[in-house]
Structures are given as structure tokens and as C-alpha cells.
Amino acid sequence: MKPLKRTTAAGLAAAAALGLFAAVLPATLAPAPAQAAPITVPAQAPQPVNLALTGKATASSVEPALPNNTASLAIDGNTATRWSSDYVNSTWLQVELAAAGPIDHVKLVWPNAAARAYTLETSLDGVQWTVAKSMTSTTGPGRTDEVALGVANAKFIRMMGSSRWSTFGYSISEFEIYGAPAPVVPDSLPLVPAPVASAPTDKGTFELVPGSRIVATGAAVDAANYFAAKARASTGFALPVTAGPASSHDVELSVAPDSSADKPESYTLQADAGGVKIAANTAAGALDGVQTLRQLFPQWIESKTPVATPWTIPGVVLSDYPRYEYRGIQIDVARSFYTVAEMKAHIDNAAQFKFNRLHIHLTDDQGWRIAMDQPAVNPSGIKYTDLTDISGKTAMTYDGSGNLMGTELGHTGYYTKADFAEIVRYAGQNGMVVVPEVDMPGHTTAALHAIPQLNSAGSVPKPQAGEATVPAQGTGDVGNSGYDADSPVTYEFTKQVLTQLAAMTPGPYIHIGGDESHSTPSDKYQKMVTTFAGQVTDLGKTMIGWNESAAATLPANSVVQYWNGDRQATATRVLANNAKVILSPAEKTYIPQKQDPSETAGGTWACGGGGCTLQNHYDWDPATYLPGIGDDKILGVETVQWGEWIRGMDQTEEYQYPRTLATAEVGWSPQSVKSYTDFSKRAGKLGGRLGIEGINYFHTQGVTWTAPDPAPATAVTVTDPATLPATSPVDLGIPATEFDAGAYLTLHKLPANTWLFAAVHEPVRGAASPLTGSPLTSSPLARASVAGTAADGATGWIRTDALGNAPLTVPAGLAVGDHLVTVQGASGTLAAFGSVTVAAVVEPTATPTTEPTVEPTTPPTTEPTAEPTLEPTTNPTIDPTVNPTTNPTVTPTTPTVDPTATPTVDPTADPTAEPTVDPTTDPTAGATTAPAASSSASATLTASPAVSAAASATAAPSTPAAAAAPGDLASTGSNSALMLGGALLALLAGMIAIGASRRRRSTH
């Protein structure tokens, strides 16, 4: 048996003092080091060239109903166009290449009319053909076939149809031909959306441990707090947010100019054995980096309760930024209401995939969901509170034939202004800007039902005889309502509503709807929309309207949101109005459309009567969708949920996910890195993560979904030590070192990716360890947990990683000496056993000083004592288009630092000051039960303190000092002198502590 080693608090103090002395002395004499070099990603191998782009396409037929869908559209590089054939099985499309040569593989994109069976044939002269590959598919339209051919030499290649998918012909939007294989690259990181560039590294693996900190200052603090709050719940670690410098187990975030690519929201991320570093130009970029970091950790990071598993990230570096600044998710609360709690869940779901706009459809024919106050000036005497008092109680009911719409009646309700403010705050905290929509001049029955003054000569529909307002509408019928364009009351009303809405909305946008006003004459429609848009602009906001609104004269820089209709006409009006575009084409983004026939409710019109599949939502390029509207005119993309059939968040999630993942990638990732085959693999790997979060996603066929695999609900019968074999089945790698309570160990060589039950046995007289001969009990520690590792490290379920590693925290309250550790499978089968030695607690002798003494505080544990929450910030909206002008500092909420508390932002603090550590509130003062990891312990050990001195440095004094500029020695002289003196005192105290401590002899 190897001699035992003991790491004491006194030894740690002396070592820390020596290190501090060595570090501080040169720092007092030299300028600050230069800023670290930017994180870079190695260049990737180029992709092969699509030979079809310089070829010539011909076909045996063209669809009679669509004569413009010619063969050339299948090789134009635009997935928004297509070739369509006649309704005949034996139909071909062929491409003549510019020159003969090898053909490695092809891709065929089938948009909405596919082949069930076909052959791929090649030729040198276009006369003699050879079958290169026969293909059949069980997946219908909306798929992409990638087919390896390996033909040595050909000039012509043909798709020869043999069986259509339906009564329609064949449609191919792109027939891509490649002469060389795509470069072999490592498997993509399981990230959605895909980053711009990423690469694995050989710099080791990062591990988050109980002593880890989240290091951040200034504009990075909000993102740091966000991640810390998420990770505390799942890891049970304290994870204090503090100022630097960072160590190898820390996550460091920084926001500074030129830290990442010169793009809005850009960030870089590097994770390896040296730590995690996220660098961004803006606070929004830092938050985007945090969302990526969440997906790099094991899926258990999304758990709301602690999970005992290794929190590791293999070495990786990436550089990332969004394609579009607007990445929206729309929810219809008018047809069926969602509570504030449901909206927060909706925000949580979307924010992790980097959606940054929350579009709330607040009003429609079926209901009015936002409260309005009575204004001081009210010429028409409108009772604005009736909007919610009356139409807040209406919702979807039955269709025109009396059939129930959806699984139940639509939910009623409305948001008070305080409710709406809370949604705005929470969205901002998650990096999302709220975009409120009040639909007009159509979709206005709810307003007409509540306000008599709006029912005038030109409004539609008309009140019934003897009634002052129109009846409520619960059907899904559209286009039969509208305001009176010639009534001054209309504009008085809309101005008041928009004024109050603008006051509630810190974001830059207000959406006025404008769709499906079929009952309003065109000239009247244009008059109203032009006026409404001007009212929005006068309030200092940017107007958004559905694409019908482009027919009006809009203020410059207005935004047109395309959903359906004539693409060319829309593009022409967008250019005439000098507007920007949000793309939400129904067949690519509409959520109430069925995903496949297994869904009982939902529409089918957008995708030609078939399902709007996951691939259909993924395979499109916004820059080629509207003629002449490229990325320079596109503000972004948005996924759209309508509430005709959908009730509650559970159903919303089923229709929303995973198709919303596709829209997330369309809006973020460059077109050049997109591949549905790769995306579907990455999305499938998120299945377990979505399950842990409780997201009720649709299990799309053809995607291999991982599972959440929760811990078993009950404990196993713990192995009796008397029945153990002479040797363990495997060596757990526990080093022969004495450990204090709370020490964090890693067990090795266990079955991979599985749940195991670990128990630590208490020594008692009369029983002996099969390993050491020391006395042991025949039962596990009484505090053993069946749901996972408890706050004090008590044993229970542990989860191994792919390498068979799992953590074990030494429980508190164990007697000094050897303790047997047993590990069993879920069935009770013994996996391994080993021994851990618990050290005696040796209190150092206190040395009197003339300085006031600091009472020792209770050593922190490995788990927060309170449920971590996200504190509201002084500016809840992180707008990725705006650099913050202030850097919030982190300040404690109480005089005593609680390592479990989430630091909050002090709006009164100097925004340029760097957070510092208040030594009078160091929670490690007097602590002796937290040994630091020691490299001399064992090569197979990962041991960290429950919360080390490094982890206790929580950020933020009540009076932070201004940060010195790099190289500004004059401004740091007094601080350096104090640091030098403090280091000397710490060194002296550590040496005294060593002399006063006693080393306990090994029992071996």
C-alpha cells in the first residue's frame, strides 16, 4: 500500500501565500500583460465544386400547368425554384457537363413532388447510357438524396424516373453533381444552430468541478450570471460569479472591442484543459456563447435538480456569429391565451437556440389580450378597459359547421401591464426583444365587439339589430372584419393603443398586422395602413407589417414580413418602400401545419396537402426566396405559430419542435455550412436534452433521437461488505490519500453512459474491509439518496460518461478512517468497490494580531442552499444591435458573501469599475475541510474541494475601485504596495499554521 498523503488547510494557506508572493512581486514592478491573442479556428478544407452550375439541363417533359418550371431551374443554385415534370412515371431530367470527367456523387433536392423509385444513369455521348445506381425511398417530398456514384468518366448524367410518389409529376429544385468527394471532417459538434467555424483541439478536456468559478466583469456579467444560474441547478456547484484571473476549471467570459469577428453578436469559444474562454464584442454575443456552452456540456446540464456526472467538454475551438440579426419566434395568444408562466417556458425553450425576438400576436378576431388604461384625453369617450373586460373573455370555439376547433375550447384571459412588463423583463434576461402585434385594419372583431364607437358606417361586419357592437367570433374564418377608414374614431383609437403599447415596449418594433383584410377596399386599406405606419414611426418605433401592408406607402426602413402570396409583387413593393424583409413563408415556417399525417389536428394547405416536414422547414435559402431580395435587404426569419387548433404549451411544443430548430439554423448559420443530413444527426442528439427540459417535441421519422434516460426511481439493495469478493472487478482509481469531507473524486473504469448506485460504508467495530482490514459496517451510509447525489455529497445514483468515469463527493459527517465504497448497477449487480480514507480535522493555532479578527464563516458546501434564481438586471433587454454603454458591476445582496447566491447588478455602482473581492467576507476564512486538488495525489484522480478558496471569491464590493488602464503604473502604486504587504503577511501566517498543525500518522 502506498503511503498516505495529507493535504491540510495550513499547507494550502502556505502554498497560496508563496504563490501570491511570487505573483505579486513582479506585478508591482512591471506593466500589466498584454491582452491575450484572439481565439482562432484552423482553416477547413474547401468543399468540392458543383459541376452542374456550368452545365446544361434538359428534360423529357415540363408540367403543363407550370410551363415556366423548366429544366434549367434544377441547376441554377436556387432551391426556391424547381423543374416540374408531366404526370408520367417514365420521365427524365439530364445534365450535360461542360467537360467529361469523374463523377463522385450527386445530390437531388425534391421539394414537393418526389420520386418513389428512379435510376441514375451516365453517358459519354448522351446516346449510350449506363445505370450507375438504382434508388428507392420511403420518404416523400421535402427530402434530399445524397448518392455516391464513383463513376470514372462521364459527360452526361440523368435522373430516370420509374415511380412517382403521388399523382403529381416529379419536381427537382437542385440537381447537384460533384467530381470529387467532400473532405473528410470530424463529426459535427452536436450544436443547433451550427456555428460558422469549429474544430477539435488536442489541448485536453475541460472539467467543471465544485471549485469552479464563472469569471467575468463589466458587460459580460449578465451572461455569466445567466449561465451560473442554469448550471448551479444541475451540477449542485456554487459557481460564484467573480472577477479574475481564471484558473483551469473556470469559465471565463469577456466583452471587449475586437474580441471576436467584426460581426454583430459574434463570439469565440475555446474549451480545453486550461479552462473555458468566451470572448465577444457585445453582451449579446457573450450570451450567444453561453447558449453554445450549454450544448457542449452533457445533456444533464439542463436538469433542474443536481446530477452526479462528469461535467466535461472535449477540447474545441469555434468562431461564430449570426447570418441575420432578427431571429424570431411568434406565438398567437389571441386565439388561445397563454399565461405568463407558459410564456416564460416558451422563452426558455427558444432562447437556448439563439432566437432573439419574441413576436406576440396580441389581438385578433377571437380575443384581445393586452390591457389598456383610460387616457386623460378621450374625445370619443371610448372605454378602453372593455377591450380586455369583454374581449379578454373570448377565444376560439367552433368552426362554421359547429365542429370543435382543436382538442378543447380556446383559453381566455389577458395580460395586465404588469404581466406584460414581466414578460418583457424575462425575455430580455434571456436575450430576446419583445415585438408586440396589434392586428389591423383586419382581424379586428375582438375590438369591434368591445368598443361601440368603432362600429361605424365603414366598419365590417355590422352589429345585429338592436346591438351596439358586433358579436364575438370564435370560428377560424378570416377576412370578414375591418375598421372604418373614413371614421376619425378609428385613428383616435389606434393612436391611443399604439401609444400605450409603445410605452410598454423597450424594443424598437411594433407590428401592425395588416394581413387578410379581404372585406376592406384596396384604397381604404392603403389609407389606413399608411396612417397606422406613420403613427408607429411618430412614436419612435419601427413598423412591421405582413406582406399585404407593402401595398401601402410605408416609412423608410419599415419592415415587411412575408408569409404568403405573389413573391414578385411583394419584392417589387419592398424595394419601392425601401423596406427590410422578415421571411416567414408558410410552407417553410408555419407551425400549425401538420408535420405528417400522424398529427390529428392542423392545416395542410401550405405544403400542397402534405405535411410540412422538418426537412421542408430546413431546406431553403432566404436570400433566394424573393426575387431580387438578397441578404442586404433581409432583416431575418421567423417561425410562426397560430392558435386555431393548438391549446396550451404542451401542444405548442409538439408543433414547434423540432421544426423550430430548423428555423434557428436557417436564421443563424451560413448557407454554405448547411446540410439536412448533418442537421438531422445533430438535432437527434438533442433529443435527450429536450426530454430533460420537459419539451414535448415531435419525434420526426427518419431522425435518430437520443433519450433523456432519467435516473432510476428507487435505490438498489446495497451490497453487504461481507459478501464482497477478494478483489474488485475493476480498479476505481481512488488514490491512497486522506480526504476531507466534500472532496470531489472521480471513479474510473466503470460501465460507460449508465446509471450506477454508489454507497460509502461507515466503519464500525467488528467488521473489516476486504481491501485494508479496517473496520466497516455492513450497511451503507444512512443518508444515501435514491434520486442522485445530495447536497452534502451523500451517496446515491451517479451517471458515468463515455469513458466510464463518474464523480463521488466524500460525504460530510463520516468518522475518521477507511471507508468502503461500493458501486452497483441498476439491477444491483456489483460493478466495483474501493476504499476512501477520511482525514481528521486539524484546527490551526490562531496567532494573535493587532488587527481586528474576522470570525470564521461556515465552509460552503458543494451545492447551493437555495434554489438559484436569475436576478433581474437594470436593463432587461440585451439588444444585439446595440453595444451597451454601461458595464454593470456585481454587488453582494448581504454583507456576508453567500457562495450560492446569484450576484445582482447594482445600478448605482460605477459602470466602469471592475468587481473586486472583499477580504472581510471571504467564506473560506477558518475553513479546514476543503483540500485543493493535488497533482501529486494520483494520475487517475480528479479531486477538487467542495468550494475552494478560489471558488469563494464572489464578486463585488459595495464600493468597487476603478480599473486601471494597462500599463498605468502610477495609478496602481498604492494597490501594489498593499498587495505586497498582504502577501508577506499571508506567507507568515501560513508558516505559523504549518508549525502549529500536526500530521496524523497513516494507519497503513
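## Arginine 799 and its salt bridge

Arginine 799 is buried, at 8% relative accessibility, where buried means under 20% relative accessible area, exposed means over 50%, and partly exposed covers what lies in between (1.4 Å probe, protein chains only). The side chain of arginine 799 meets that of aspartate 709 in a salt bridge, with an N to O distance of 2.5 Å; the term stands for a side-chain nitrogen of Lys or Arg within 4 Å of a carboxyl oxygen of Asp or Glu. Because aspartate 709 lies in the loop between helix 16 (687-693) and strand 27 (737-739), while arginine 799 belongs to strand 30 (residues 797-799), the pair ties together parts that are 90 residues apart in sequence. Helices (H or I, at least four residues) and strands (E, at least two) are DSSP runs, numbered from the N terminus.

## Basis of the model

This is a predicted model, in which local features need pLDDT of at least 70 and side-chain atom pairs count only at pLDDT 80 or more, whereas totals for chains, interfaces and linings use all residues. Residues are numbered from 1 along each chain as its sequence is written, and side-chain values use heavy atoms, with hydrogens and water left out.

## The chain as a whole

The chain contains 17 helices and 35 strands, and 54% of its 1004 residues count as buried. Among the contacts with a separation of 6 or more, 76% are accounted for by residues 24 or more positions apart, contact being taken as heavy atoms within 4.5 Å. The chain exposes about 39400 Å², of which carbon and sulfur atoms supply 57%; accessible areas come from the Shrake-Rupley method with a 1.4 Å probe, and for residues only the protein chains shown count as cover.

## Other salt bridges

Side chains of opposite charge can pair when their charged atoms come close. A search of the whole structure finds 23 salt bridges, including one between lysine 344 and glutamate 422, whose closest N and O atoms are 2.7 Å apart. Lysine 344 sits in helix 4 (residues 340-351) and glutamate 422 in helix 6 (residues 417-429), so this pair ties together parts that are 78 residues apart in sequence. Both partners are partly exposed, lysine 344 with a relative accessible area of 23% and glutamate 422 with one of 24%.

Lysine 383 forms a salt bridge with aspartate 386, the closest N and O atoms being 3.9 Å apart. Here lysine 383 is partly exposed at 46% relative accessibility, whereas aspartate 386 is buried at 15% relative accessible area.

## Two buried polar residues

Serine 171 is placed in strand 8 (residues 171-172) and is buried, with a relative accessible area of 3%. Its side chain is joined to that of serine 84 by a polar contact of 3.1 Å, a term for a pair of N or O atoms within 3.5 Å; within protein, one must be able to donate a hydrogen and the other to accept it, and residues adjacent in sequence count only if both atoms are side-chain atoms. Leaving aside neighbours within four places in sequence, the residues in contact with serine 171 include Arg82, Trp83, Ser84, Val109 and Trp110.

Asparagine 547 lies in the loop between strand 23 (542-546) and strand 24 (559-562), and is buried with a relative accessible area of 7%. The side chain of asparagine 547 reaches the backbone nitrogen of tryptophan 563 at 2.8 Å. Not counting residues up to four places away in sequence, asparagine 547 touches Val560, Gln561, Tyr562, Trp563, Asn564 and Thr570.

## The disulfide

A disulfide is a covalent bond between the sulfur atoms of two cysteines. The structure holds one disulfide, identified by a pair of cysteine sulfur atoms within 2.5 Å. Cysteine 607 and cysteine 612 form this disulfide, with their sulfur atoms 2.0 Å apart, and both cysteines are buried. The torsion about their S-S bond is about 115 degrees, so the disulfide is right-handed.
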